[in-house]
Amino acid sequence: MAAVAIHQFAQCITCHAWSPDQSMVAFCPNNHEVHIYKLFGEKWERVHLLQKHDQIVSGIDWSIRSNKIVTVSHDRNSYVWNQEASEWVPTLVILRLNRAALCVQWSPKENKFAVGSGAKTVCICYYEKENNWWVSKLIRKKHNSSVTSVAWHPNNILLATTSTDGKCRVFSTFIKGVDSRESGASSSSNLKFGEQIAQLDLSFTWAFGVSWSPSGNTLAYAGHNSMIYFIEDVGSSPSAQNVALRDLPLRDILFVSEKLVIGVGFDCNPMVFTADETGLWSFVKFLDEKKIAPSSSKYGSQFSEAFGKLYGQSKPAINSDTVESSRPRGGAHENCISCIVPLRKPGDTIVRRFSTSGLDGKVVIWELDNSI
Amino acid sequence: MATVGFLEDENLEAIISRIEQKSRKIESLLKQSKPVEALKTALEGSLLKTKDERCKSANWIVVHRAIMAIKDVDAMFSSLDPEYYDILMKYLYRGLATGDRPTCDQCLKIHEKLTEKAGLGCILRSLADTINTV
């Protein structure tokens with residue numbers, strides 16, 4: 001398994017998203033524009049340029065079924081882009097923020113989207129047919145700091161957020177007239193908008209990147225202290241596991257299946273985490289095989305018996321001076337990876353392909369083989 | 001307010017007496033020339049649940065004693081379990097912050113080996129956590 005395609009699109013990419021048929025990729029080259037590239041034969045060519053924001057575009061999401069692009073930016077606004085004929089027509093969504101918008105994600109049913117912001121709030125936006133207008137409803141006064149990442153539960157009601165106050169929270173986003181009472185799981189559909197279901201207090205430092213497992217049973221998020229946290233049964237009786245990393249912290253994570261998580265971040269190389277039959281999560285390996293992962297690069301902080309086993313193994317004999325400096329070179333990515341996106345076709349339940357982008361301006365497509 | 005203050009004082013006394021106990025145990029382990037055992041004792045339960053600087057300093061003096069008694073760093077790591085790595089790293093940074101020459105020499109020597117063993121993640125965990133300080 002390795003990177004199947006690497007493409008250098010820009011100097012630096014803040015975020016990217018794929019069209020429903022995955023023939024096109026939209027990304028922000030670290031400025032106020034969104035570029036859409038299409039693959040013609042062997043060559044990527046720019047087909048659209050979305051220019052409406054005034055400042056850096058911090059989030060892009062492209063809905064699979066309705067083929068709409070939503071973008072958010074440090075200019076505190078959001079646009080929903082609709083393709084009409086060959087043009088992308090923007091609709092302004094006034095988020096009512098006084099700080100930058102940082103991240104965005106369409107809900108599974110694509111009738112809402114969530115925006116995390118530096119204003120310590122989360123906006124849930126939905127379409128009002130009568131007014132032909134996207135309305136933003138705010139979840140206020142719950143976060144003590146910027147919201148760095150949002151993730152929708154598959155039931156279209158629950159939303160998980162991570163924040164620089166170190167906490168991961170789960171909210172109900174039930175909106176009358178948009179969500180029907182039957183739509184979610186019975187327990188979660190009785191909740192009012194903005195109600196906090198859970199607050200996870202595991203990290204003492206910034207939290208980044210949150211993801212639900214495909215079934216919505218497991219939640220995972222990363223801390224800036226080189227830890228990744230896995231929480232089972234968030235709604236009823238949460239149980240948490242911490243996995244401490246040997247290397248630099250993660251920025252974003254993705255559930256590929258119920259038992260397999262990919263984490264990307266400052267180590268420039270995607271990390272694979274799996275759960276065994278007993279539900280115990282652990283680090284398995286680096287995805288980029290060019291980098292030789294030391295076998296001792298893992299330990300679970302809660303499970304001290306595993307500690308000794310994993311840590312006790314000695315590292316391969318490498319000169320200690322060259323270990324850190326040679327680390328990111330020669331891999332698919334040469335700088336911090338900030339974004340991981342599944343490549344999922346409509347109706348697909350399992351993700352076998354995903355793409356990553358980062359500060360080196362590359363978009364890398366990865367394909368999982370059957371060994372994991 | 002008075003009750004809160006009283007409770008805290010009681011806690012502080014309990015903490016100080018625990019540190020004194022620990023100190024005596026470490027001294028006796030050092031006399032038996034078991035420096036690694038002494039270090040383990042020093043690190044165990046040393047994450048104080050208090051913001052009180054006097055407690056932290058008292059505790060640091062005890063841990064410092066144990067760290068300085070380590071002569072053979074490689075031998076120490078061969079018998080020190082990985083669960084101590086994160087907390088040891090925190091104390092190494094406290095040691096480096098003192099600016100005291102022999103302390104810094106010793107802490108740097110251990111720091112090098114510990115980083116080799118536990119990776120950059122261990123350093124990040126000790127630096128990123130601003131709540132559980134030592």
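Biologist: Is Phe208(A) buried or exposed?
Modeller: This is a predicted model, where local features need pLDDT of at least 70, side-chain atom pairs count only at pLDDT 80 or more, and totals for chains, interfaces and linings use all residues. Residues are numbered from 1 along each chain as its sequence is written, chains are lettered from A and ligands numbered from 1 in the order in which they are written, and side-chain values use heavy atoms, leaving out hydrogens and water. Buried means under 20% relative accessible area, exposed over 50% and partly exposed in between, with a 1.4 Å probe and protein chains only. Phe208(A) has a relative accessible area of 9%, so the residue is buried.

Biologist: Which charged end sits over the ring of Phe208(A)?
Modeller: A charge sits over a ring if NZ of Lys or CZ of Arg is within 6 Å of the ring centre and within 35 degrees of the ring normal. Here the charged end lies 4.2 Å from the centre of the Phe208(A) ring, and it belongs to Arg251(A).

Biologist: How many aromatic pairs does the structure hold over all chains?
Modeller: Rings of Phe, Tyr and Trp (its six-membered ring) pair if their centres lie within 6.5 Å; planes under 30 degrees apart count as stacked, over 60 as edge-to-face and the rest as tilted. Over all chains, the number of aromatic pairs is 20.

Biologist: What angle lies between the planes of Phe9(A) and Phe27(A)?
Modeller: Both residues, Phe9(A) and Phe27(A), are buried. Their rings form a tilted pair, 4.9 Å centre to centre, and the angle between the planes is 35°.
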